[in-house]
Amino acid sequence: MSEKKPVKKKRLKTAEKLGELMKDYYTESAMIKSQKKPVAWLTSVAPVEICYAMDVFPVYPENYATICAARKLSAEFCEAAEAKGYSTDLCSYALNNFGSIYLNKGPFMGQGLPEPDLLIATEHACLSMAKWWEALSRHFDVPLYVVDSSLPVGEDVASYQIKYFADQLEELVEFIEKHTGNKFDMKRFKEVLRYSDQASSLFLEIAEFRKTVPSPVSPIEMFTNMFPLVTLAGKKEAVEFYKELRDEIKDLVDRGVPAVPNEKYRLIWDLFPVWYNLKLFPYMEEKGGVVVADVYATAFGGSIDISRPFEGLAERYVGNPLLSYGIGEYIELYKQMIKDFHVDGIVFHSNRSCRMASMGQYEVKQGIYNDLGIPGVVFETDFVDPRSYSDEQVKDTLDSFFEILETRK
Amino acid sequence: MTIMDFQEKYKNRHEIAKQWKKDGKKIFGYFCGYVPEELIGAAGIIPVRILGSLDKVSLADSHIQSFICAFGRSCLDQGLKGTYDYLDGIVVSKTCDIMRNMLGIWSRNIEVPFTFYIGAPSKRTEAARTCLIEEFKLLRSKLEEFTGKSIDDNSINQSIESYNQSRKLLKELYELRAEDNPPLSGSDFYHIVKAGFVTPKKEYNEMLLELKSKLTSSESSDGKGVRLLISGSTFEDVNILKMIEDSGGTVVSDDLCVGSRYFWDLIEPASDPIRALADRYQMRVTCPCKHPSDERLERILDEVKKHRVQGVISIVQKFCDTHLFEYPYMRDLLQENDMPFLYLETEDRLGEEGQFKTRVQAFLEMLR
């Protein structure tokens, strides 16, 4: 994602540093086995802070899939997974991961991810994660811990539901101690939580700058800059990175420098980028369409009450709007964002790989149109598997949307 | 009492329900076998299971994507067409991602006075059970609020008893299929189970008892078919089973959400009936949506032995993530156990018969 990024020259100084952070992380990842440090594979929205606090090296196959997609490796990996019997209809994050394991290939030093000693999954973002991790556990024959949830849809999370999640986080600590011998230290844990909390509030602060018209930061910059927020949550480096990024973007705001020169339509991007074709963003920008908001990025944020470390962390993970909001609440969230970010339209990326997050999109689009008259457009692809992608079709859909937006100006 | 009577119950379920409605009864719809029907029944409400339909999906397509399973699309489509207008409430339990989204979409578009989502945990731990108990308690109090009547422990216990009787009878009928000449075909059994989803338990239990008494004295099959176990979730089209049977298979066992997984486990009476319900719904034979779900596959291997199964046919809904993730494992496990295995992917229906028939015939040929 770093070198081959389809933006022109790197506009942001801090982007250089992002490349370094990613390189450092994946270099460490490639060497980790020789360092005898335990490796855990984590689903997204899993408590990575516990890994950092306990000297376990976290690996994110989902983030890795986005890089494989950007480096044009994902089609081959998906095919390899299908050859073993995994359906082409399954999540391509998972297929990409399986294929990379079977072929032992990847974008960094030619090899796949370092093999896990432990597997840690949540299932509240989607159930496929737990199923995928079960399959990994069988393949590598290593222990798996699933952090389960009992969550409502569209209602406040009850205290027993938080407690269930928090108690499992404590159990996860025991699980890691048992299988790695590494000891848990509360002081260290709190320090990690503080870094994670700081990184996330800085990231939200940066996202807030996008309320400025014209927006000082582009969607590609936002999406690629999520890497430390997710993968390095709990590391000091992430906090330092976001401080620098925040200062740089604040400076752009103060000086009135826009990310895109001819910003005409301000857009919300619903859910995932098309990882093998980030060029869709500059394509829209040529027509004046600039993505200024998304829940995807902010969903990985959220503050942590460090005085109650396990409950605080649980609240951060299961209070996540993207994951536990009902459709009605989702619509309300977007309506607020439309006001705050001065939004003209919403682009919904309907992702064949993600039934969980895509299934309500038509409803959200219609609901917002009914309530505010703000139009939306839905286009369908798979976010990692490019094999049935039609650039022409997607662009036609986006073009028609820009025609609608034009008539409304 | 014949199989036809069961078939008719299911076929005419909407007309029958509308008649109940005229008689002043309250009716709730529920999705899947993780909703504690006993509790709904104890509130004096008739629970009916919402299942797919073979009608063409038309209205749902503007609400959910075509990459949602045929079952989910069909259920929503029926709702949008007014097929379920008689429902006073809907209860969903957390299983797959489609179920997690379904209630929100349903209730935005289809008027229904009561909805409840059970945030059922997936694991089989004591902590998970504590949560499930809380969820069931909340459902109980919401039901009380809705009906304006309290649900006492005694009425829950009575409800449990009649559901247990259904399950026990279904299990007895199921066990008859272990015989050399099973008196019930797979498609017969399918009709029997489905009638139970839409028939009040008192009436249904009488039907089952009468059928059972007749079966033991009736003519048996010739016992020459290839003995099969069918695995999967739900499919609406009984012709899938008929085709398999017409091709020379005898379905003697199943691992279906609309089959033995539904009735396998009874509720152990306990002093606190909510706890008894939670015990059962948490520890029941697993759906692949739950974690860990190995027990489902272990049970398949047990059933293969007990019912002397010669081959397993898996019928999976296209786009059903949880079953699809487990398929390669199931295939390998059966292979290790020298159990021939055939995988069929459907969209709720048999579709063009030739497509599956050739494969089923070849599979059965190999086993003869």
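In chain B, strand β3, helix α5 (residues 97-109) and strand β4 form a right-handed β-α-β unit. Right-handed means that, with the strands pointing away from the viewer, the path from the first strand over the helix to the second runs clockwise. Helices (H or I, at least four residues) and strands (E, at least two) are DSSP runs, numbered from the N terminus. The model is predicted: local features need pLDDT of at least 70, side-chain atom pairs count only at pLDDT 80 or more, and totals for chains, interfaces and linings use all residues. Residues are numbered from 1 along each chain as its sequence is written, while chains are lettered from A and ligands numbered from 1 in the order in which they are written.

**Strand pair in chain B**
- β3 (residues 89-93) and β4 (residues 114-118) of chain B pair in the parallel sense over 5 bridges; pairing requires that DSSP finds at least two bridges between the strands.
- Within this pair, B:I90 stands opposite B:T115 of β4(B).

**Domains of chain B**
- Chain B is assigned domain 1 (3-154) and domain 2 (164-367); such bounds come from an automatic or database domain assignment.
- The C-alpha centres of domain 1 and domain 2 of chain B are 22 Å apart.
- Their contact involves 41 residues from domain 1 of chain B and 39 residues from domain 2 of chain B. Residues are in contact if their C-beta atoms, placed from the backbone, lie within 7 Å.
- On the domain 1 side, the elements of chain B giving two or more residues are α1 (3-11), α3 (37-42), β2 (45-49), α4 (70-81) and α6 (126-147).
- α6(B) gives the most to that side, with 7 residues.
- That side divides into 21 nonpolar, 8 polar and 12 charged residues. Ala, Val, Leu, Ile, Met, Phe, Trp, Tyr, Cys and Pro count as nonpolar, Asp, Glu, Lys and Arg as charged, and the others, Gly among them, as polar.

**Helix α6 of chain B**
- α6(B) has 22 residues and reaches 31 Å from first C-alpha to last, close to the expected 32 Å. The expected span is 1.5 Å times one less than the number of residues.
- Its buried residues include B:C131, B:F136 and B:R140. Buried means 20 or more other C-beta atoms within 10 Å of the residue's own, exposed 12 or fewer, and partly exposed in between, with C-beta atoms placed from the backbone.
- The buried residues of α6(B) pack against α7 of chain A, and against α3, β4 and α12 (273-283) of chain B.
- Just after α6(B), B:G148 takes a positive phi of about 75°.

**Interface of chains A and B**
- Here 39 residues of chain A are in contact with 40 residues of chain B.
- On the chain A side, α6 (127-140), α7 (159-180), α17 (355-358) and α18 (361-372) of chain A give two or more residues.
- α6(A) gives the most to this side, with 8 residues.
- By class, the chain A side has 17 nonpolar, 11 polar and 11 charged residues.

**Inside chain A**
- Helix α3 (residues 61-70) of chain A is largely enclosed by the rest of the structure, because 10 of its 10 residues are buried.
- Its cover includes β1 (39-42), β2 (57-59), α4 (74-83), α5 (92-103) and α10 (226-231) of chain A.
- A:Q168 is found in α7 of chain A, and counts as buried because it has 25 C-beta neighbours inside 10 Å.
- A:Q168 touches A:V147 and A:D148, not counting residues up to four places away in sequence.

Note on methods. Two residues are in contact if their C-beta atoms, placed from the backbone, lie within 7 Å.
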